[in-house]
Amino acid sequence: MFKSIPPVTKNLLLINLVAFIAYLVFRGHGYDINQHFGLHFFLASDFHIYQFFTYMFLHANLEHIFFNMFALWMFGCVIERVWGPKRFVFYYLVCGVGAGLLQEMAQLADIYISVNQNGQDVSLGELFTQLSPADRNALNMMNMVGASGSVYAVLLAFGMTFPNERIFIFPLPIPIKAKWFISFYIVIELFSALATQHSQIAHFAHLGGMLFGFLLIRYWRNHPSTEFFDGNATRDSVLDRMRRTWEHHNRPTVQQSEETVIETTPPPMQQKKKVQKRVTEEEKEIDRILDKIKQNGYDSLSKEEKLFLFEAGNRRNRQ
């Protein structure tokens with residue numbers, strides 16, 4: 001099963017697992033990796049810019065890493081197969097950084113409100129300049145770890161790419177469409193972020209990951225590149241990717257048609273012209289379907305269009 005996981009998702013799972021094992025080992029020897037590489041508040045004395053990247057590969061406990069990695073495996077495999085590894089890893093990292101940025105902004109607002117509620121009339125600029133070394137050391141307690149921001153962005157990508165895909169969510173007895181599942185999560189996270197103070201869960205980081213993910217997906221849809229998904233993708237690589245996506249969701253049994261047999265043997269001139277005409281028409285239909293995916297996403301295709309791409313990809317693999 002592990003061999004079937006696409007490369008970026010597989011490597012992300014391994015990096016997070018190795019980092020968690022290292023955290024447990026070093027903690028047993030008195031060194032806290034999470035304290036050094038977790039994301040601190042930017043005014044804290046232990047803050048470093050690299051923490052915007054390192055924090056998303058660290059976790060606090062077994063339950064924390066299990067649920068994050070389970071969701072990454074479940075939804076990341078699908079999105080990476082559709083987008084390709086380059087776009088997926090770029091999306092994952094940017095959304096992780098975006099999650100950290102929004103959490104930092106939320107923490108700044110929380111500190112600013114708390115200071116002024118305690119009777120001190122302090123402006124935002126004064127807050128930056130008047131913190132004592134003791135205050136900066138105290139702010140080190142605000143430390144965030146976890147892949148949740150990136151994982152929530154992957155959930156959003158799945159919901160936007162396959163909005164009508166039905167998924168089972170425990171303990172609901174019936175499957176629900178991905179778009180409703182994602183909408184429900186957004187509402188819950190927004191309510192939790194606004195209704196709870198000093199929570200151990202970084203709700204604004206979850207929202208930040210989804211916000212940056214939404215902006216990226218909307219940008220890509222409004223500015224489609226000349227090649228689909230990856231900048232160096234070819235039509236055949238796209239077809240192969242769509243074929244594997246169809247296999248993942250439907251796994252149909254497709255029998256080899258007579259036309260495929262004809263293509264593998266030298267046909268008479270008249271028959272050859274018919275095959276060439278069919279190939280030209282197929283290319284036009286492929287271009288039409290890929291343009292439709294660029295504009296509206298994979299899930300906008302009909303079942304017949306998805307099957308057409310699946311069969312076209314199979315034919316190119318056999319050639």
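So, is C77 buried or exposed? C77 is buried, at a relative accessible area of 6%, where buried means under 20%, exposed over 50%, and partly exposed in between, using a 1.4 Å probe and protein chains only.

Quick housekeeping before I go on. This is a predicted model, so local features need pLDDT of at least 70 and side-chain atom pairs count only at pLDDT 80 or more, while totals for chains, interfaces and linings use all residues. Residues are numbered from 1 along each chain as its sequence is written, and side-chain values use heavy atoms, with hydrogens and water left out.

Okay, the overall picture. We've got 14 helices and four strands; these are DSSP runs numbered from the N terminus, with helices being H or I of at least four residues and strands E of at least two. Of the 319 residues, 42% count as buried. If you take contacts (heavy atoms within 4.5 Å) with a separation of 6 or more, 72% of them are between residues 24 or more positions apart.

Now the core. By nonpolar core I mean a set of buried Ala, Val, Leu, Ile, Met, Phe, Trp, Tyr and Cys residues joined through side-chain atoms within 4.5 Å. The largest one has 49 residues, and L72, I79, W83, Y91 and F158 have the most contacts inside it. At least two residues each come from α1 (7-28), α4 (62-83), α5 (85-117), α8 (148-161), α9 (178-195) and α10 (203-222). The largest share is from α4, with ten residues. There's another core apart from that one, of ten residues, including L108 and L131.

Skipping neighbours within four places in sequence, L72 is in contact with T9, L12, L13, C77, F88, Y92 and V151. So that's our opening cysteine again. C95 is buried too, at 0% relative accessible area. And disulfides, meaning pairs of cysteine sulfur atoms within 2.5 Å? A search of the whole structure finds zero.

On to helix packing. Two packed helices are described by the angle between their axes and the distance between the axes. The axes here are lines fitted to C-alpha atoms, for helices over the stretch in contact, and angles run from 0 to 180 degrees between N-to-C directions.

First pair: α1 and α4 have axes 9 Å apart and pack at about 170 degrees. That makes them roughly antiparallel; the cut-offs are under 35 degrees for roughly parallel, over 145 for roughly antiparallel, 65 to 115 for roughly perpendicular, and oblique for the rest. The contact includes L12, L13 and F20 of α1, and L72, W73 and C77 of α4.

Last stop, G149, which sits in α8. G149 is buried at 4% relative accessible area. Beyond four places in sequence, G149 touches A99, A205, H206 and G209.

What about H206? That one lies in α10 and counts as buried, at 7% relative accessibility. Leaving aside neighbours within four places, H206 is in contact with S148, G149, Y152, E189 and I201.

Definitions and conventions
A disulfide is a pair of cysteine sulfur atoms within 2.5 Å.
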